[in-house]
Amino acid sequence: MVRDSAVDAETRAAWAEAWPRVWDAAAAHAGEERDPGVFEEIQRTVVGSTERADLLHRIVGPNWRDLFGDTAFNSASYRTWSDAAAHTQLMALPAKLEDSPERRSLPGLIRAWQAGLTKIVSIPCRGEFTRTVGRTGLLLTNTTREDSDGYQRALRTFV
């Protein structure tokens, strides 16, 4: 939630009420399989057309802007939060392949893949959290993915 004094109480209440719905819809979309033909269709559409916008939305999925436009993103507090989150994620990238969470958890990852896992969605939240999304996806926190034991536990929930 944006903690900007320029955002009035009514707007904050509307955002708080909408957050669970947007989150659930975005998580469900993240677990869906994508139709690769959509990318080819986009190439045949006119830039700026409604058809192109609809196809892009099918790829990107539901998001905050669908309900509220850019209001929450036009504040100094959002930019500060976003910059800090991007920096944290960049600093967490492994320097060597063998240090990556997937490499460290390869046996569990292989078992999950054999069970049908095709997509892992990692979210920048605190604590350990895992849930399957759709038939082929696994949603988990960065904390879970970065911890070898936690990642193994998460992968076992898919098998």
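View 1. Helix H9 (residues 148-158) lies across E1, E2 and E3, and its direction makes an angle of about 155 degrees with that of E3. "Across" here rests on contact, meaning heavy atoms within 4.5 Å. Axes are lines fitted to C-alpha atoms, for helices over the stretch in contact, and angles run from 0 to 180 degrees between N-to-C directions. Helices (H or I, at least four residues) and strands (E, at least two) are DSSP runs, numbered from the N terminus. A note on what you're looking at: this is a predicted model, where local features need pLDDT of at least 70 and side-chain atom pairs count only at pLDDT 80 or more, while totals for chains, interfaces and linings use all residues. Residues are numbered from 1 along each chain as its sequence is written, and side-chain values use heavy atoms, with hydrogens and water left out.

**View 2. The open sheet has three strands in the order E1-E3-E2**. Pairing is mixed; two strands pair if DSSP finds at least two bridges between them. E1 and strand E2 (130-133) sit at the edges, each pairing on one side only. On average, neighbouring strands are turned by 25 degrees against each other, direction ignored. E1 and strand E3 (residues 137-141) run parallel, joined by five bridges, and Val121 has Leu139 as its bridge partner in E3.

**View 3. E2 and E3 make a hairpin**. Three residues separate the two strands, and Gly134 in the turn has a positive phi of about 70 degrees.

View 4. On a 1 Å grid over the protein atoms alone, a pocket is an open set of points where a 1.4 Å probe fits, with protein on both sides within 12 Å along at least five of seven lines; lining residues have an atom within 4 Å of a point. Of the 40 lining residues, Trp19, Trp23, Trp81, Pro124 and Cys125 lie nearest the centre. H5 gives the most to the lining, with nine residues.

**View 5. Gly61 sits in the loop between helix H3 (50-60) and H4**. Because its relative accessibility is 1%, Gly61 counts as buried, the cut-off being under 20% relative accessible area (1.4 Å probe, protein chains only). Leaving out residues up to four places away in sequence, Gly61 touches His29 and Asp66.

Key: Buried < 20%, exposed > 50% of the residue type's maximum accessible area, 1.4 Å probe, protein only.
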